Amino acid sequence: MSPLHFSFSSAFTLGLMGLAFHRAHLLSALLCLEGMMLSLFIALALWTLQFESTSFSTAPMLLLAFSACEASTGLALLVATARTHGSDRLQNLNLLQC
């Protein structure tokens, strides 16, 4: 495994571990998701450059568009949660009380 592949896979793994183990605030979960999407985008962009194929050239841009939609939805949920519950702590959220 090359050092470049190792750095992207470790960045994705660290984001996944942060999402799994450090779930105190909604903002930290969103940041972990964005880190994972950024590492996937860079890895996919370098993969398409490595193979020099034009058929895969739109895949990184499509992933980036979905990442932007995911980020905007997450921030909208963060604002709505902060307004209704007064905090973004995930322990305060209970679906049974809604």
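Student: At roughly what angle do the axes of helix H2 and helix H3 cross?

Tutor: This is a predicted model, in which local features need pLDDT of at least 70, side-chain atom pairs count only at pLDDT 80 or more, and totals for chains, interfaces and linings use all residues. Residues are numbered from 1 along each chain as its sequence is written, and side-chain values use heavy atoms, with hydrogens and water left out. Helices are DSSP runs of H or I with at least four residues, numbered from the N terminus; axes are lines fitted to C-alpha atoms over the stretch in contact, with angles from 0 to 180 degrees between N-to-C directions. The axes of H2 (residues 26–51) and H3 (residues 59–85) come within 9 Å, and they cross at roughly 175°.

Student: Which relative orientation of H2 and H3 follows from that angle?

Tutor: An angle over 145 degrees counts as roughly antiparallel. H2 is therefore, relative to H3, roughly antiparallel.

Student: Against which helices do the buried residues of H2 pack?

Tutor: Buried means under 20% relative accessible area (1.4 Å probe, protein chains only). Among the buried residues of H2 are Leu26, Cys32, Met36 and Phe41. With contact taken as heavy atoms within 4.5 Å, the buried residues of H2 pack against H1 (3–21) and H3.

Student: Is Thr81 buried or exposed?

Tutor: Thr81 belongs to helix H3. Leaving aside neighbours within four places in sequence, Thr81 is in contact with Leu26, Gly86, Ser87 and Leu93. Its relative accessibility is 12%, and therefore Thr81 counts as buried.

Student: How are the rings of Trp47 and Phe51 arranged?

Tutor: Rings of Phe, Tyr and Trp (its six-membered ring) pair if their centres lie within 6.5 Å; planes under 30 degrees apart count as stacked, over 60 as edge-to-face and the rest as tilted. For Trp47 and Phe51 the centres are 5.3 Å apart and the planes at 85°, so the arrangement is edge-to-face.

Student: Which residues form one aromatic cluster?

Tutor: The rings of Trp47 and Phe56 have centres 5.1 Å apart and planes at 40°, so this pair is tilted. Trp47 and Phe51 are four residues apart in helix H2, which means a separation of about one helical turn. The aromatic cluster consists of Trp47, Phe51 and Phe56.

Terms used: Helices (H or I, at least four residues) and strands (E, at least two) are DSSP runs, numbered from the N terminus. Angles under 35 degrees count as roughly parallel, over 145 as roughly antiparallel, 65 to 115 as roughly perpendicular and the rest as oblique. Buried means under 20% relative accessible area, exposed over 50%, partly exposed in between (1.4 Å probe, protein chains only).
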